[in-house]
Amino acid sequence: MKQQIKVPSVGESVTEATIGEWQKKNGDYVKQNEVLVVMETDKASMDLVAEQSGQLNIFKQEGEDVKVGEVIAELDTSISPPALEKEQPTQTQKALSNSNSHTTFDSPSQNQEKQALPSDKTLIDNFLKKDKPNTSTQKSSLHSMNQNLSPSVRKLITENKLNPDHITGQGPGGRITKGDVLSFIQNRASKTTSSPSEKPPSNIPDRSGIGTLRTPFLPHKNTEATTFKQAQYKTTRKKMSTIRKRIAERLVKSQQSTATLTTFNEIDMSKVINLRAQYKEAFQKRHQVKLGFMGFFIKATIHALQAFPRVNAFIEGDEMVYNHSCHIGVAVSTDRGLVVPVIHEADHKGMAELEKAVLFYAEKARDGKISPDDLMGGTFTISNGGVFGSLMSTPILNPPQSGILGMHKIEERPVVVDGQIQIKPMMYIALSYDHRLVDGKESVGFLLKIKECVEDPIRLIMDV
């Protein structure tokens, strides 16, 4: 019996998808619940699993665009799993068997032979070392491959014959992401190409004055064409993923359809840092989650949205639509692009619930498990470029939302306090807003409210 594998429906607004990456090859026998393919939509990526066991026949290749409901493969469930080869006794097993038979009898002559010759155990150990020289390395690699790796990461490591122990994981809990593997491969390639044995052509002049940058063009008319041929420019073309195309479209649409303006302020993070240091162990022990900075900023943002409700509204036609609840989107960077999962009803959640939600959605997004429903319904967005070292930025609106808060790197700077210069851990914050709906006075007041709450965290408890 043949079972068709179709593109599933993942939401009313999603009508097509892209074949991201096949986890199984054409003709492979797959077991029930094994991941077959990673599908990419304009909102998220998802794994498509086998509902039954059988042989896989692939109809659509990686990179192809497909419609919801379209057949991309089929499973032949009538085919049985490949018969396992009967285990034949290996030479090692024979040696063990022979050693056992030799040691069954114990006579004075045999004892003399044992003193003169290596023991059976020594011979077997030497045989095993000779037959499998890299046993410890192989076990280490196999142990590493059994980590909680996503299918795409495991496939990338296998195809490039890498040892996961050599790759530093930057994901949650030290987990290795696809970006970590690609960075490792790129760094290894750059070290190889920059070896002393490979020198650039000596006849290409260095006009940059730096030495590492060279131009293929000469001012002399007769030698320009020859020099250009000698300089070989290498490029790689890769089709944009559905998510990346959708992000590009939304960013351009945001710039064209809104009157975006950005205002800035700065925050003294001293009290939050001290409060976090004082209670982080007790907080984690009680709630099983770390106390981070994001929880404070989400709480402060909710207070600011309640004080300035127009920032939490949006324009629809010639009407202003006010949201009665705060659904906060938190931007997460993944290998496939930026996604913004939404914490619904954030104004009804405590600090621990907010921290758990941020961690949950961040791990889910980086593992490619985010669903379209997780990305819908946001009324305001927070983006933390500080985790990448950004000191200041102007975040782009996520329509139809009217505001987005940008957090940045905490950096010690000299500031004047009561006429005295002090060194304080400071953070720049930015609010990009739709000036069609939000006035400058409201935007400045919004950031001041966040500043007050973060610099005096007791306000978050006292609701003032």
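This is a predicted model: local features need pLDDT of at least 70, side-chain atom pairs count only at pLDDT 80 or more; totals for chains, interfaces and linings use all residues.

Biologist: What makes a residue count as buried, and what percentage of the protein is buried?

Modeller: The cut-off is a relative accessible area under 20%. Of the 464 residues, 36% are buried.

Biologist: Why do you call one set of residues a nonpolar core?

Modeller: Its members are buried nonpolar residues joined through side-chain atoms within 4.5 Å, so the set meets the definition. The largest such core has 48 residues, and Phe297, Ile298, Ile343, Phe380, Phe446 and Ile450 touch the most other members. Among the elements giving two or more residues to this core are helix 10 (293–307), strand 16 (380–384) and helix 12 (440–455). A second, separate core has 18 residues, including Ile19, Met39, Ile58 and Leu75.

Biologist: Which residues is Ile450 in contact with, leaving aside neighbours within four places in sequence?

Modeller: Ile267, Phe297, Ala300, Thr301, Ala304, Leu405 and Ile429. Contact here requires heavy atoms within 4.5 Å.

Biologist: How do you know that the buried residues of helix 5 line one face?

Modeller: Those residues are Ser152, Val153, Leu156 and Ile157. Seen down the axis of helix 5, they fall within an arc of 130°, so they line one face. The face turned away from this buried side carries Thr158 and Glu159, which are exposed.

Notes: Residues are numbered from 1 along each chain as its sequence is written. Side-chain values use heavy atoms; hydrogens and water are left out. Buried means under 20% relative accessible area, exposed over 50%, partly exposed in between (1.4 Å probe, protein chains only). Helices (H or I, at least four residues) and strands (E, at least two) are DSSP runs, numbered from the N terminus. The arc is that of the directions from the helix axis to the C-beta atoms.
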